[in-house]
Amino acid sequence: MEPPADAHITVRNLTMAYGDFIIQRDLNFTINRGDIFIIMGGSGCGKSTLMRHLVGLKAPRAGQVLYGGESYWDSDPAQQHHLKRRFGVMYQSGALWSSMTLAENIALLLEQYTDLGPEQIRRVATLKLALVGLRGFEDFYPAEISGGMQKRAGIARAMALDPEILFFDEPSAGLDPISAKNLDDLILELRESLGTTMVIVTHELASIFAIGSNSVFLDPETKTMITTGNPHTLLKECGNPKVRAFLTRGAA
Amino acid sequence: MRYHEGKQTIGNERNSIETGGMMEQARLIVTPGGNGLLFQLSGSWMLQGGVPDIDEALQRLRAAGVVKLVTFDCAAVSGWDSGLLTWLLALAEYCKEHGIRVDSSGLPAGVDRLLALARAVPARKGAQRTEGKRSLLSDVGNDAIDALRITGEFMDFFGETILALLKMLRGRAVYRRSDLWQIMQDAGVRALPIVSLVSFLVGLILAYVGSIQLQNFGAGIYVADLVGIAMIREMAAIMTGIIMAGRTGASYAAELGSMNVNEEIDAFQTCGFSPMEFLVLPRMLALMLMMPLLAVYADLMGILGGAVVAVAVLDLTWLEYFIQLTKAVSLADFFVGICMAVVFGNIVAVIGCLNGIRCGRNSQAVGMATTSAVVSAIVMIVIASAVLTVIFDVLGI
């Protein structure tokens, strides 16, 4: 079965496990080009673990993750390395390299993967930081800026190489409502202007409805996905009580 | 005797204040009524003052025969907190198991709701961790399996470092040159003061202990041989190795461990950098280059320490000491010491980095990784030095 033409990431029969402990089984969904795809579900259902599988940090117990038409886990290391260059990841805490300044964090990727000279690299790093509202913070170390700024710097680093896909692990966790809203706006803006596919792990309802165009809902009890689709459509049409309760904060 | 009496009075006074004064003792009266039991609670049901034992109440329930209903009268309760709640929760659990209805209308306002909240979600099955009794045999077995697994992990990791090293020799490893310089400086120059102090004193101690024996034979001059050979062949490398295990190995484990906690190592991986090349390789290189240099420096400091004793205690001249030393020590001895230093540097770096990268994702794990890095590095240094000594002996070096 060939994935549809505009499918960017296809997950087939994915089963995730730590040792003998199954996290989720039989996941099947497709992320299309330009989607803002939300991975949602209650705490402990394996959202972040799913992301670790998608970005190549953890090998699945069974099943496949396909980028375009290529299966990540069936590729050789060189091919995997090539696929990795097509996506950027923002970790929950930012995960900036603490021994380097913000500019160096971004420059490291550019030095490694482009032929730009030091002056140009510096300019690109400044631009990426400016895009996330951190102009003038080039020479700050991660420990010297606030948690929200670290997250934004994490996004700037994830965008360093203009990736086709951006992954976000709980971008708005631990942020005040205004910063969370600004981050949502930033994600929308980047999608509009760059056409990047976004995959976001979150359980913030406000974000889910504000930016999500597609989603998958994981259930910790049955250990599999319940449904997939646009969150607004799910709210209107999905008959599953767990999904409805989640999307309405238990009101319906 | 008088003292004892006095103490008792004080104790009684305090007791009377607690029960009769501010805090009234919690009391329970159980009376049968209809087909049920009425629990009459009075006084202060607080953790501080102590609440009646739950077993007492359960005993009354059991003794009462067939009970269908439990009711409460709490009109005389002057105060309550978690003490009352835990007591009630245990009672309610018992009643549920035995099909006894609990009428909670007589409970103080709020207690009922908290009780309902505590019982809303049933205990998750299998979540409570109770460790079964383990036998000595199974402990030994588990430890053996663990030891095998750890050895396997170490071998894996060591193999990967060799691969990374080969890749670097072919000029294809990805790491930052500036990192390497920084790490070399940290492991090298910054370690000089402590290496100076320790090796100077080790040389001094060796010479002092030796001089007492050698003087008996009037052979004080041989203290130069003793200090020279011991320092250059073994002691300088071992002492530097142990210092570096505590200083640098621990810092590698802690640094990489917290990077792991902070997902920084994941970030390296998803950005296509191999942590092995980017983080471990520069540290291993730095220590393998710096350790021999430090060992040579330690040789000099140790010899100097020996010289001080030779001059001060044995009345030798500086010149006599150094001439005797050059006669005693060969280039082969020097080579043995350098060889050991390189091996020890490798051990400290690999074990430090391994513990850091394999570290769990919490702060306690970082502490454990650091401890384990230092302890296993020191053990490995001692073992390796024994093995190398035997090998060199067999080779006749």
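A search of the whole structure, which is a predicted model, finds 19 salt bridges over all chains. Side chains of opposite charge can pair when their charged atoms come close. Several of these pairs are described below, followed by the contact between the chains and by selected local features.

Within chain A, A:Arg86 forms a salt bridge with A:Glu164, and the closest N and O atoms of this pair are 3.4 Å apart. A:Arg86 lies in the loop between helix 2 and strand 6 (87-90), whereas A:Glu164 lies in the loop between helix 5 and strand 7 (165-169), so the pair ties together parts of chain A that are 78 residues apart in sequence. A:Glu164 is partly exposed, because its relative accessibility is 30%. In a further pair, A:Lys242 forms a salt bridge with A:Asp219, with 2.8 Å between the closest N and O atoms. This pair links distant parts of the chain, since A:Lys242 belongs to helix 9 of chain A and A:Asp219 to strand 9 of chain A, 23 residues apart. The two partners fall into separate accessibility classes: A:Lys242 counts as partly exposed at 33% relative accessibility, while A:Asp219 counts as buried at 3%.

In chain B, the side chains of B:Glu255 and B:Arg283 meet in a salt bridge with an N to O distance of 3.1 Å. B:Glu255 is part of helix 8 (residues 223-261) and B:Arg283 is part of helix 10 (residues 275-312) of chain B; the pair therefore ties together parts that are 28 residues apart in sequence. B:Glu255 is partly exposed, with a relative accessibility of 34%, and B:Arg283 is buried, with a relative accessibility of 6%. Salt bridges that share partners also join B:Asp146, B:Arg149, B:Glu153 and B:Arg358 into one network.

The contact between the two chains takes 21 residues from chain A and 15 residues from chain B. The area buried between them is about 1,700 Å², and carbon and sulfur atoms give 55% of this area. On the side of chain B, the residues that lose the most area to chain A are B:Arg176, B:Glu263 and B:Thr270, which together account for 34% of what that side buries. One salt bridge is found across the interface of chain B and chain A. In an N to O approach of 2.7 Å, the side chains of A:Arg52 and B:Asp266 meet in a salt bridge. Helix 9 (residues 264-270) of chain B supplies six residues, the largest share of the side of chain B that touches chain A. By class, this side of chain B has six nonpolar, four polar and five charged residues.

Chain B is divided into domain 1 (2-120) and domain 2 (173-395). The C-alpha centres of these two domains of chain B lie 66 Å apart.

Helix 1 (residues 47-54) of chain A is mostly covered, with six of its eight residues buried. The buried residues of helix 1 are A:Lys47, A:Thr49, A:Leu50, A:Met51, A:His53 and A:Leu54. After helix 1 comes A:Gly56, which has a positive phi near 85 degrees. In helix 2 (residues 77-84) of chain A lies A:Gln80. A:Gln80 is buried, because its relative accessible area is 17% and buried means under 20%. Not counting residues up to four places away in sequence, A:Gln80 touches A:Tyr72, A:Trp73 and A:Ser75. A:Gln150 is found in helix 5 (residues 147-158) of chain A. When neighbours within four places in sequence are left aside, A:Gln150 is in contact with A:Ser93, A:Gly94, A:Leu96, A:Pro142, A:Ala143 and A:Ile145. The C-alpha atoms of A:Gln150 and A:Leu134 are separated by 9.8 Å, and these residues are 16 residues apart along the chain.

Backbone geometry was considered last. Most residues other than glycine have a negative phi. A:Lys223 is not a glycine, yet has a positive phi of about 60 degrees. A:Lys223 is placed in the loop between strand 9 (214-219) and strand 10 (224-228) of chain A, and is partly exposed, with a relative accessible area of 23%. A:Arg249, likewise not a glycine, has a positive phi of about 55 degrees. A:Arg249 lies in the segment after helix 9 (241-247) of chain A and counts as exposed at 76% relative accessibility.

Key. Residues numbered from 1 in each chain as written. Chains lettered and ligands numbered in written order. Predicted model: local features only at pLDDT ≥ 70, side-chain atom pairs only at ≥ 80, totals over all residues. Heavy atoms only, no water. Helix = DSSP H or I, 4+ residues; strand = E, 2+ residues; numbered from the N terminus. Buried < 20%, exposed > 50% of the residue type's maximum accessible area, 1.4 Å probe, protein only. Contact = heavy atoms within 4.5 Å. Buried area = accessible area lost by both parts, 1.4 Å probe. Salt bridge = Lys/Arg side-chain N within 4 Å of Asp/Glu carboxyl O. Nonpolar A, V, L, I, M, F, W, Y, C, P; charged D, E, K, R; others polar. Domains from an automatic or database assignment.
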